[in-house]
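Please keep the sequence and the coordinates open while reading.

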Amino acid sequence: MRLKIITKTIWVLSLVSLFTDMASEMLYPVMPMFLRSIGFSFLLIGILEGVAEATAGLSKGYFGQKSDELGKRLPFVQLGYSLSAISKPLMAIFIYPMWIFFTRTIDRLGKGIRTGARDAMLSDESSKENKGRVFGFHRSMDTLGAVFGPAISLAYLYYHPGNYKTLFFIAFFPGVLAILFTFIIKEKKLTGTGKAAKNFNFFSFLSYWKNSPQEYKRLVTGFLLFAMFNSSDVFLLLKMKETGMDDSAVIGIYIFYNLMYALMAYPVGIVADKLGMKKVFLGGLLVFAIVYGGFAFNHSFYLFLVLFFLYGLYAAATEGISKAWISNIVHGKETATAIGTYTGFQSICSLIASSLTGFLWYQFGGVVTFSTTALVTLLVIIYLYYFHKTPAVVH
């Protein structure tokens with residue numbers, strides 16, 4: 001009898017991600033314009049994004065480990081999505097920099113709490129032969145939210161140009177819908193790892209790195225080298241804005257990118273299951289290098305369309321695939337910790353990447369900034385190709 005690959009739990013988790021991403025992405029393409037309108041510099045925007053992602057990263061590792069220790073996934077999923085939902089209207093109440101930092105961090109903390117547990121739940125629902133397909137399906141549904149959200153922003157700003165604040169309140173409603181969906185998920189009974197720490201230690205997940213398999217360390221090292229120069233997409237939007245494009249054009253291209261990503265994530269996941277995670281992931285990094293090289297010198301609207309089409313292909317070939325790849329080389333009871341540890345370090349690297357990108361842009365301009373990222377990505381491809389052997393799957 002053929003087992004059902006996309007189960008009810010995978011469907012519901014994917015819908016939850018869709019509505020949450022709809023709320024987040026309703027704001028994401030207007031965030032740089034909003035921040036600039038209240039006085040944030042390029043450098044301060046970079047620091048804000050970096051600090052927020054670093055906070056998310058540390059919490060991903062800690063709460064991923066807690067999920068494995070307790071053998072529980074759903075409570076972390078529900079709390080994480082709830083925090084992200086309430087952060088949206090809070091951001092529009094005051095425009096003081098510290099308040100913006102606080103509310104943005106609350107949003108990212110919610111992401112950190114839920115990520116490891118949710119991805120482990122997806123892994124628990126799939127077999128090693130179908131991980132690429134399952135994670136690809138989830139990313140596809142998640143990214144559909146990134147199509148609908150900016151589309152709502154585009155329609156709203158067409159009639160109310162420059163009125164960014166109201167969007168933060170509108171974004172609260174799909175976030176609430178996402179929370180409600182989590183209450184129809186039935187969690188599988190799991191046995192915890194029994195390794196709970198006696199004292200609270202936010203960095204206790206770091207011990208996993210010391211004891212993790214060598215293949216995991218080699219693989220994640222390559223991922224993190226890339227993450228150190230892969231800054232927030234805010235800078236891509238700012239690059240388009242800098243060329244003279246209006247808000248509608250910038251958001252329209254961003255919607256196009258997310259649509260391409262959503263359409264390609266599932267089929268690319270199927271291809272990864274057949275050809276191997278490594279080939280697809282490295283292909284995605286090569287496309288990324290081409291895109292950033294193009295951003296360094298491009299000023300054409302139509303070439304931006306081509307670049308964002310390729311950027312959607314890159315995202316489809318890397319984001320879900322990286323987690324599926326990791327889940328196939330670690331023990332099932334440690335999936336949340338392994339993914340949480342990786343995404344934790346990844347977010348810390350995002351702090352470096354976004355801050356460094358803001359600094360490079362401030363000092364040298366966009367050409368040097370995007371060219372540097374493209375060059376480093378090529379070096380990461382070489383590292384992963386030669387120094388990471390395709391691992392055997394750990395059952």
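## Terms and basis

A residue is called buried under 20% relative accessible area, exposed over 50% and partly exposed in between, with a 1.4 Å probe and protein chains only. By that cut-off Leu 282 is buried, with a relative accessible area of 10%.

The model is predicted: local features need pLDDT of at least 70, side-chain atom pairs count only at pLDDT 80 or more, and totals for chains, interfaces and linings use all residues. Residues are numbered from 1 along each chain as its sequence is written, and side-chain values use heavy atoms, with hydrogens and water left out.

Helices are DSSP runs of H or I with at least four residues, and strands are runs of E with at least two; both are numbered from the N terminus. Contact means heavy atoms within 4.5 Å.

## H13 against H16

Helix H13 covers residues 277-297 and helix H16 covers residues 366-387; their axes come within 7 Å and cross at roughly 165°. Axes are lines fitted to C-alpha atoms, for helices over the stretch in contact, and angles run from 0 to 180 degrees between N-to-C directions. Angles under 35 degrees count as roughly parallel, over 145 as roughly antiparallel, 65 to 115 as roughly perpendicular, and the rest as oblique. H13 and H16 are therefore roughly antiparallel. Their crossing is left-handed, a term for a near helix turned anticlockwise from the far one by less than a right angle, with clockwise giving right-handed.

On the H13 side the contact includes Phe 281, Leu 282, Leu 285 and Phe 288, and on the H16 side the residues include Phe 370, Ile 381, Leu 384 and Tyr 385. By class, this contact has 18 nonpolar, five polar and one charged residues. Here Ala, Val, Leu, Ile, Met, Phe, Trp, Tyr, Cys and Pro count as nonpolar, Asp, Glu, Lys and Arg as charged, and the others, Gly among them, as polar.

## Leu 282

Leu 282 belongs to H13. Which residues does Leu 282 contact, leaving aside neighbours within four places in sequence? They are Ile 381, Leu 384 and Tyr 385. From Leu 282 to Tyr 314 there are 32 residues in sequence and 9.5 Å in space, C-alpha to C-alpha.

## H11 against H13

Helix H11 (residues 234-242) packs on H13 at an angle of about 30°, with the axes 10 Å apart. That makes H11 roughly parallel to H13. The crossing of H11 and H13 is left-handed. Leu 236, Lys 239 and Met 240 of H11 meet Tyr 292, Phe 295 and Ala 296 of H13. These residues divide into five nonpolar, no polar and one charged.

The axes of helix H14 (residues 301-327) and helix H15 (residues 335-364) come within 9 Å, at a crossing angle of roughly 135°. H14 and H15 are therefore oblique to each other, and their crossing is right-handed. Ser 322, Lys 323, Ile 326 and Ser 327 in H14 meet Thr 335, Ala 338, Ile 339, Tyr 342 and Thr 343 in H15. The class count for the contact of H14 with H15 is four nonpolar, four polar and one charged.

H15 has 30 residues and spans 41 Å from its first C-alpha to its last, close to the 44 Å expected at 1.5 Å a residue. The expected span is 1.5 Å times one less than the number of residues. After H15 comes Gly 365, with a positive phi near 95°. Within H15 sits Gly 340, which is buried at a relative accessible area of 0%. Not counting residues up to four places away in sequence, Gly 340 touches Gly 57, Lys 60 and Gly 61. Gly 340 and Lys 323 are 17 residues apart in sequence, and their C-alpha atoms are 9.8 Å apart.

Gly 64 lies in helix H3 (residues 42-70) and is buried, with a relative accessible area of 1%. Beyond four places in sequence, Gly 64 touches Ser 59, Ala 336 and Thr 337.

Helix H1 (residues 8-27) reaches 29 Å, close to the expected 28 Å, and 17 of its 20 residues are buried. Helix H10 (residues 214-227) has 14 residues and reaches 20 Å, close to the 20 Å expected. Buried residues of H10 include Tyr 216, Leu 219, Phe 223 and Phe 226. The cover over the buried residues of H10 includes helix H9 (206-211), H13, H14, H15 and H16.
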